[in-house]
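Here are a few notes to read alongside the model. Keep the ligand in view as you go, then turn to the helices.

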Amino acid sequence: MIRKVREHPSQNEPLLFELSSPGKRGYQLPDLDVPAVDARAALGAENTRDDIAGFPEVSEVEAIRHFTRLSTWNYAIDLGLYPLGSCTMKYNPRVNEAVARTEGLAWAHPYQPESLSQGAMEIIARLETALAEITGMDAVTLQPAAGAHGELTGILLIRALLESRGNPRRKVLIPDSAHGTNPATAAMAGYEVVHAASNERGMLDVAELTRLVDDDVAAIMITNPNTLGVFEEQITAIAALLHSKGALVYMDGANMNALVGVARPGDFGADAMHLNLHKTFSTPHGGGGPGCGAVAVKAALEPFLPAPRLARSGDGWTWNHHRPHSIGRVRAFYGNFGVIVRALAYIMAHGGPGLRAATLDAVANANYLRKRLEPYYELPYAAPSMHECVFSDERQVKHGVRTGDIAKRLIDYGFHPYTVSFPLIVHGALMIEPTETESKQELDLFADALIAIAAEAEQNPDLVLTAPHGTRTSRVDEVAAARKPVLRWRLS
Ligand SMILES: *Cc1c(COP(=O)(O)O)cnc(C)c1O
């Protein structure tokens, strides 16, 4: 079955400025029943103006309908599968949103006295404990506001520990499959980046690493499963190698959707890691909203964690600001509290067995798509897939069709495109992560669409090369859009 190609009756929508007609108003006010005040006299001339040139004049219902119609142009996780996966847009149960909106939590203020904040502090404490258990680590900070921020915190912790041992060292090892934030983090923390190549199975090579690890290496930053969706099978040997040279293992935990409840980084040798609570643990973040890059560490790094830390006081909690070895604060107050609430709600609603089931479903879904698509798309690495699978456009390129064209044609079939051209070590990559919530029906619709596009690429490549056909705009100049963005509607 193929989902109907999207039609957009609402896509002839003009600009709000074009809907305007002089004198229309969106509101009516009653006659004043208090003395009128001259706004200019009250506010000062510099704070007032008589007119806004070209300001649109429309009725209330025109404004509402205009913006509602525009909102239907957006693809959304509530409409269908979003193959960008947990890294960008994973469906999460609505109950987490309901809990985060509870009045006492949503309106809690960071300057409230501790005696009135005990519930919020208990939530932070419980989440730290749950994440320590999930990761197999000893202590957790929830201060960092994003994954990259967590990385920076983690590497600064490692630097602080090594410094306390007498030498912060100079280099950080980073695999060629790493997310771009990893080398950026190492550089910002003052380290030289040394690249480690993956082997033909898409994994790190212990022999190659043995050559690179010396007494000047502070740490390796490793993503597991890596950005190919492949589990680093040699991870314990890699960790042992680093440790034997006095270096540490930092794990980028953005792909924990593939591990929660099944394997713990603390058990396979990680010393510090971050979790993206806004990826794996519920908060939606496709629009770049608030996040939490929780950092989990082994006991040796605990003294350096950002201050303040929660401490027991009687049968309640207090904030301990006396942390002489701390790297200091990395963020105002205590982190993004709403994200923290959602993550704890997500964890408690699932429970241990439920979290494990979500992981197994995410992996099963990715492997189901992999099996269905393997006959039609090139699979550059044969190693088993975890939560995502990565194809290349090698077969379609013979007909002039590239990954970006296939992605745009998917829009006509009613799906958001997959991740295009990442990871960089796969030429013409199609990276697909369905996540745990998708049904077999939805996965089949998505696979049928990609299989149909593979046939189109062979038989009618022009159809794919000019897609999408069902949207208001089709191909835009992406380079100009990035280099010379027009951010302002110019009034004539
Ligand atoms: C998303 C991601 C990051 C960065 O996280 P942000 O919250 O966007 O800063 C780092 N590493 C990997 C592998 C990621 O997927």
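1. Start with histidine 278. An N or O atom in the side chain of this residue sits 2.6 Å from an oxygen atom of the ligand. Bear in mind that we're looking at a predicted model, so treat this as a computed distance.

2. Now find lysine 279, where a polar side-chain atom is 2.8 Å from an oxygen atom of the ligand. With alanine 148, look at the backbone instead: a polar backbone atom there lies 2.8 Å from a ligand oxygen.

3. How much of the ligand does the protein bury? On its own, the ligand exposes 380 Å², and the protein buries 85% of that.

4. Next, have a look at who's around the ligand. The residues there include Cys87, Glu151, His179, Thr181, Asp252 and Asn276, along with His278 and Lys279.

5. Last, follow H7 to helix H8, which spans residues 181–188. For a pair of packed helices, the things to describe are the angle between the axes and the distance between them. Here the axes come within 9 Å and cross at roughly 40 degrees, which means H7 is oblique to H8. As for handedness, H7 passes H8 in a right-handed crossing.

Technical notes
Residues are numbered from 1 along each chain as its sequence is written. This is a predicted model: local features need pLDDT of at least 70, side-chain atom pairs count only at pLDDT 80 or more; totals for chains, interfaces and linings use all residues. Side-chain values use heavy atoms; hydrogens and water are left out. A residue is near a molecule or strand if one of its heavy atoms lies within 4 Å of it. A polar contact is a pair of N or O atoms within 3.5 Å; within protein, one must be able to donate a hydrogen and the other to accept it, and residues adjacent in sequence count only if both atoms are side-chain atoms. Accessible areas come from the Shrake-Rupley method with a 1.4 Å probe; for residues, only the protein chains shown count as cover. Axes are lines fitted to C-alpha atoms, for helices over the stretch in contact, and angles run from 0 to 180 degrees between N-to-C directions. Helices (H or I, at least four residues) and strands (E, at least two) are DSSP runs, numbered from the N terminus. Angles under 35 degrees count as roughly parallel, over 145 as roughly antiparallel, 65 to 115 as roughly perpendicular and the rest as oblique. A crossing is left-handed if the near helix is turned anticlockwise from the far one by less than a right angle, and right-handed if clockwise.
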